[in-house]
Amino acid sequence: MKTTIFKLSTIALVLVIISTACEKPEEIIHEETNIINDEGFRSKTEHHDEELSEQQESILPLLHMSFDNKMNKEITELHWNEAVKNFFKRKTMQNKVNGTIVYFQISTQTGNHPYNNTNAIVQASVDFDHDFGTYNSGYLTLNNPNNDRELGQTDLYLLGICIPYTGLSWIELERANIRLQGEDGWFITSYNVSLLNSNQVFPASGSPFISTTPNTWLDNITNTGWDYYNTTSVGLGTLLL
């Protein structure tokens with residue numbers, strides 16, 4: 001769907017737009033704030049409508065919480081950290097695992113302007129570097145029965161994977177992707193991944209992380225296509241085992 005873009009530079013122009021509100025509506029984008037008055041295709045990633053060659057098994061979050069933008073960062077982190085702590089208290093650890101289980105967190109933030117939110121399927125993937133090479137997490141499906149990705153909302157997820165190697169001495173976060181399927185576009189303002197030593201079931205030090213501010217639309221022209229954002233190799237820090 002074609003989108004006409006205007007730069008609203010003066011108050012006078014805003015008044016002209018309001019005065020013509022009863023006429024046939026056009027899609028209007030404010031380049032600085034990403035305000036849009038109608039649903040439409042808006043991706044600028046140049047990755048939209050990619051088709052998957054094969055479907056892998058999805059990994060679901062072990063824990064998920066949402067916080068609106070009225071709650072400050074300190075309170076959000078307090079509630080989340082308490083929930084994670086209680087999760088590990090209740091969890092029964094596996095004694096026999098052919099590999100190394102690691103737990104990590106993903107956080108996303110949704111824009112706070114009209115149509116920034118989405119009900120579309122969203123998946124993430126993370127590349128981990130370690131002693132023996134690189135391991136890709138596979139698809140991490142960030143969808144839950146409660147509402148994810150509402151306007152201005154921060155969504156936090158706890159996930160666990162098994163890296164198929166034992167005897168690892170270090171693990172790092174290399175890069176991460178996040179993608180959306182279908183035509184219900186999403187404006188993502190932040191995308192972060194963290195591998196905290198406090199979340200591991202074995203002694204560890206260091207807490208590698210990926211911190212990005214995409215400030216971009218993920219959107220497609222078809223219902224089956226995928227659009228994605230890639231953090232590139234920006235991971236920092238090392239988890240020492």
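Helices (H or I, at least four residues) and strands (E, at least two) are DSSP runs, numbered from the N terminus. Residues are numbered from 1 along each chain as its sequence is written, and side-chain values use heavy atoms, with hydrogens and water left out. This is a predicted model, in which local features need pLDDT of at least 70 and side-chain atom pairs count only at pLDDT 80 or more, whereas totals for chains, interfaces and linings use all residues.

**Exercise 1.** Locate K44 and decide whether K44 is buried or exposed.

*Solution.* Begin with the loop between α1 (11–19) and β1, where K44 lies. Next, take the relative accessible area of K44, which is 58%, and apply the cut-offs: buried means under 20%, exposed over 50%, and partly exposed in between (1.4 Å probe, protein chains only). K44 is therefore exposed. Finally, K44 and L218, although 174 residues apart in sequence, are 7.9 Å apart in space, C-alpha to C-alpha.

**Exercise 2.** Which residues of α2 are buried, and where do they lie around the axis?

*Solution.* First, list the buried residues of α2: T76, W80, A83, V84, F87 and F88. They lie on the same side of α2, because they cover an arc of only 135° around the axis, taken from the directions from the helix axis to the C-beta atoms. On the other side of α2, E74, L78 and K89 are exposed.
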